[in-house]
Amino acid sequence: MTDLAAVKAALRTQAVETPSWAYGNSGTRFKVFAQAGVPRTPWEKVDDAAQVHAVTGVAPTVALHIPWDEVDDYAALARHAEDRGLRLGAINSNTFQDDDYRLGSICHPDAAVRRKAVGHLLECVDIMDATGSNDLKLWFADGTNYPGQDDIRGRQDRLGEGLAEVYERLGEGQRMLLEYKLFEPAFYTTDVPDWGTAYAHCLKLGPKARVVVDTGHHAPGTNIEFIVATLLREERLGGFDFNSRFYADDDLMVGAADPFQLFRIMYEVVGGGGLTSGVAFMLDQCHNIEAKIPAIIRSVMNVQEATAKALLVDRSALSAAQGSGDVLEANAVLMDAYNTDVRPLLRDVREEMGLDPEPLAAYRRSGWAEKIVADRVGGRQAGWGA
């Protein structure tokens, strides 16, 4: 029997980090689509993130991306976030949008380019110090397109050396979160292509280094929940970049393509203690054709729904069925939780938190969408910088 009070308590304390870049303009490789009311500055991105937290109650942090979110005074930006009921979250680096990085960044064969890339990462740690952020999130576009282009083992050596230098710079309570990606933009070898490579580097670095699982960065059919369970077991799961994929790195709203997969992932998170062990639940999505803020609200709600279903699994009954080898009953227990309509439960939780039970409706009534369209006229809208 599931303790409903405990389920509600866990849902009230869940936190989903929203990404600053999701509030800006984005698009495909062919076109970036502009929308009216899109933020022009990091300050306005924070303002939009505050609207998501105001109606969901579970999005208290917003991640920054450098240089997309460069400001002269990061401490002032942190205070701006605090004034709006938020904190600044992970600092995301960018070593993929500079001409010097055509052949890689910290894996580049040229030592001068590697020095430039590591310098940027160290600058990101300085920004963490200024903002009070705890997590440095790293994703590298490094790799090769052709056999023989570069030495595979040599690139791994350079990667390890660069990461080690940055790791040593981390302060008390700060972490390095290393993300992996199967392919793109490199097509022959990618220098951090899978969780095993990321895990191996994190093990060598030390306990402050953890692996990030981007749910869109896997080959078709990959059992992502197995990866999550393994990393939790080894105490090396640092966080998620939540999104959905149909084909490759689609960056669609989390839960849109395969809500059952999201449930299976959250089932392993709950079972492995991930809700209370510092795992960061971050969104990493591109809202190209849909309105930004409503899409982010919907994404937060999708994570909540998957989490609620995972918390409702009758683990005693499941354990009994597993122990007796009752395959059908074990599966039925899991499916009973997945097939539960948890929307009434989440409406109750929001009302108990003093929130409107329907976040999207609350946002539409707030008038914020109309306000930003009217106010944000002129200037340059934020985007990828592409």
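Visitor: In which strand is G27 found?
Guide: This is a predicted model, in which local features need pLDDT of at least 70, side-chain atom pairs count only at pLDDT 80 or more, and totals for chains, interfaces and linings use all residues. The run covering residues 26–27 includes G27, and that run is strand 2.

Visitor: Is G27 buried or exposed?
Guide: The classes rest on relative accessible area, with buried under 20%, exposed over 50% and partly exposed in between, using a 1.4 Å probe and protein chains only. Because the relative accessibility of G27 is 6%, this residue counts as buried.

Visitor: How far apart in space are G27 and W384?
Guide: W384 is one of the residues that G27 touches, along with V32, F33 and N288, when residues up to four places away in sequence are not counted; contact here means heavy atoms within 4.5 Å. In sequence, G27 and W384 are separated by 357 residues, whereas their C-alpha to C-alpha distance is 8.9 Å.

Visitor: Which strands are the edge strands of the open sheet?
Guide: The sheet has eight strands in the order 1-4-5-6-8-10-11-12, with parallel pairing, where two strands pair if DSSP finds at least two bridges between them. An edge strand pairs on one side only, and this applies to strand 1 (18–19) and strand 12 (280–283).

Visitor: Which residue of strand 5 is the bridge partner of H65?
Guide: Strand 4 (residues 61–65) pairs with strand 1 in the parallel sense over two bridges, and T18 stands opposite V62 there. Strand 4 also runs parallel to strand 5 (residues 87–92), joined by four bridges. Within strand 5, H65 has as its bridge partner N92.

Visitor: Which residues of strand 4 point the other way from T61, A63 and H65?
Guide: In a regular strand the side chains alternate between the two faces of the sheet. Strand 4 is mostly covered, with five of its five residues buried. T61, A63 and H65 point one way, and the residues pointing the other way are V62 and L64.

Visitor: At about what angle does helix 6 run to strand 10?
Guide: Axes are lines fitted to C-alpha atoms, for helices over the stretch in contact, and angles run from 0 to 180 degrees between N-to-C directions. Helix 6 (residues 195–205) lies across strand 8 and strand 10 (209–214), and its angle to strand 10 is about 160°.

Terms used:
Residues numbered from 1 in each chain as written. Heavy atoms only, no water.
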